[in-house]
Amino acid sequence: MHVPPRHDDALDLPNPRSVSRTLLALLILPAILAGLSSCSVKKVAVNSVANSLTSGPDVFGTDEDPQLVREAIPFGLKTMESLLQTVPRHRGLLLSLCRGFTQYAAAFVQADADAVEAADYARASAMRERALKLFLRARNYGLRGLELDHRGVTKRLQTLPDSAAREIRRKELPMLYWTAAAWGSAINLGKDRADLLADLGAVRALMERGLKLDETFDGGAFHEAMIILEALPKDLGGSPERAREHFRRAVELSKGTKASPYLTLAQTVSVMTQNRREFRELLAQALSVDPDRDPNQRLATLVLQQQARELLKREDDLFIESDDANPRNIPKDPR
C-alpha cells in the first residue's frame, strides 16, 4: 500500500523547549516510576509523558533524512507501547501507535521487500510477512481506539460493517482513517488469506464513512485509499474506472503537492491493466513534486520518490509485453 499521509494537525515545526522537556521526561521516567509506590500517582506521571509525546509537534514529517527517521521510529514506537501498558485507554497513544506502525511498515518494510524481490524472493517474502504483522498490530491499536467510544464495534464491523461504520463521528476521523489504512494494507499483503479477505467489507465501510464525513480530510487521503480498494479484482468489488475517479479527486484536493496519488495509481491500476505508458507518466509526475513545496510532506515525498525510482527499475518485471521500440525508457528524475 502507498505511504499513507500524515494528519496535518500534528505537523508544525516544534518548539525546542517542548522537545527538550519531552526528551528529558523520557530519560528520567524510569527513575521516577521506580520511586512511586502509588499506582494512581504512577498513572498520572505516565499520562503526562504520554500527552507530551502524542500532542506535541511531529518533527518526522518535515525531516529531509529518511534514514535517520527510519532508525528513530522503532524506539519511539516501543516507548509508546511501554507507556500504554500503564495507561491502556490513552487515545493519543493508541492513535500514534496505529499511525506509526502503519507508516513504518509501508514506508520501509514493505518498500524494502519490493526492492529486493527480483534478487531474493525468499527474503522479500519474509519481509512482507513482517510488514503484514506490523499492519495488523497497527490495526489492533486503531480498533482499541475506536472501542473507547463504541464498545463492541470491532465485532460489529466484521458482521454489520455499514451500520457499525455509521457510528463513527467526525471528531474520530484520524482514528478511523489510520485504522482502515492499516487494515486495508494488511489485506493488500494477505490476498491469499481468507480470514483477511473476509474483513474487506469492514475496510470499505470505514473508508466510505470517512469520505461521507469529510472527503477533504488530509488532502484527499480517503480518496487515495479508495484507489487501492478499487484496484482489487472485479469479483472483490474493484473498478479501475472508479479508481481513476478517486485519483483525480485526490490530486485536486491535494493541489498536486503529494507524490502519493501518482505512485498509488501507477503501482495498482496501471500495472493491473498493463498500461506501461500511464505507469511511466504517473511516476514521472511523482518525481516532479518538489519536496520543499509543502514542508509538512517533505519526508513522505522523499520516501515515495525513492519508491518511484525503484518501481522504474523493476518496470520490465511488472509488465508482460516488451517495449522493443523504446526499451527502458525511464523518465529522467526532474531533480
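Which helices each supply at least two residues of the lining of the second largest pocket? They are H4, H8, helix H13 (260-272) and helix H15 (298-313), where a helix is a DSSP run of H or I with at least four residues, numbered from the N terminus. This is a predicted model, in which local features need pLDDT of at least 70 and side-chain atom pairs count only at pLDDT 80 or more, while totals for chains, interfaces and linings use all residues. Residues are numbered from 1 along each chain as its sequence is written, and side-chain values use heavy atoms, with hydrogens and water left out.

**Confidence**
- The protein chain averages a pLDDT of 86, and 83% of the residues score at least 70; pLDDT is the predictor's confidence in each residue, from 0 to 100.

- The axes of H4 (residues 91-116) and H8 (residues 173-189) come within 10 Å and cross at roughly 35°; axes are lines fitted to C-alpha atoms, for helices over the stretch in contact, and angles run from 0 to 180 degrees between N-to-C directions.
- H4 passes H8 in a left-handed crossing, meaning that the near helix is turned anticlockwise from the far one by less than a right angle.
- The residues making this contact include Leu 94, Cys 98 and Gln 110 of H4 and Met 175, Trp 178 and Asn 188 of H8.
- By class, the H4 and H8 contact has nine nonpolar, five polar and two charged residues; Ala, Val, Leu, Ile, Met, Phe, Trp, Tyr, Cys and Pro count as nonpolar, Asp, Glu, Lys and Arg as charged, and the others, Gly among them, as polar.
- Helix H3 (residues 66-86) packs with H4 at an angle of about 145°, their axes 10 Å apart, and this crossing is left-handed.
- Among the residues that meet there are Ile 73, Leu 77 and Met 80 in H3, and Leu 97, Phe 101 and Tyr 104 in H4.
- The H3 and H4 contact divides into 13 nonpolar, two polar and three charged residues.

**The second largest pocket**
- Its volume is about 640 Å³.
- Of its 23 lining residues, Gln 110, Asp 114, Asn 188, Lys 191 and Gln 267 are the closest to its centre.
- The lining has twelve nonpolar, six polar and five charged residues.

**Cavities**
- The whole structure has three cavities of 30 Å³ or more.
- The second largest cavity holds about 80 Å³ of space.
- Eleven residues line that cavity, and the closest to its centre are Gly 184, Leu 200, Ile 228, Leu 229 and Leu 232.
- H8, helix H10 (200-213) and helix H11 (221-230) give two or more residues each to this lining.
- Nine residues of the lining are nonpolar, two are polar and none is charged.

**Reading the pocket and cavity terms**
- On a 1 Å grid over the protein atoms alone, a cavity is a set of points where a 1.4 Å probe fits but cannot get out, and a pocket is an open set with protein on both sides within 12 Å along at least five of seven lines; lining residues have an atom within 4 Å of a point.
- Points are joined across faces, edges and corners, and a volume is the space filled by probe spheres set on them.

Notes: Contact = heavy atoms within 4.5 Å.
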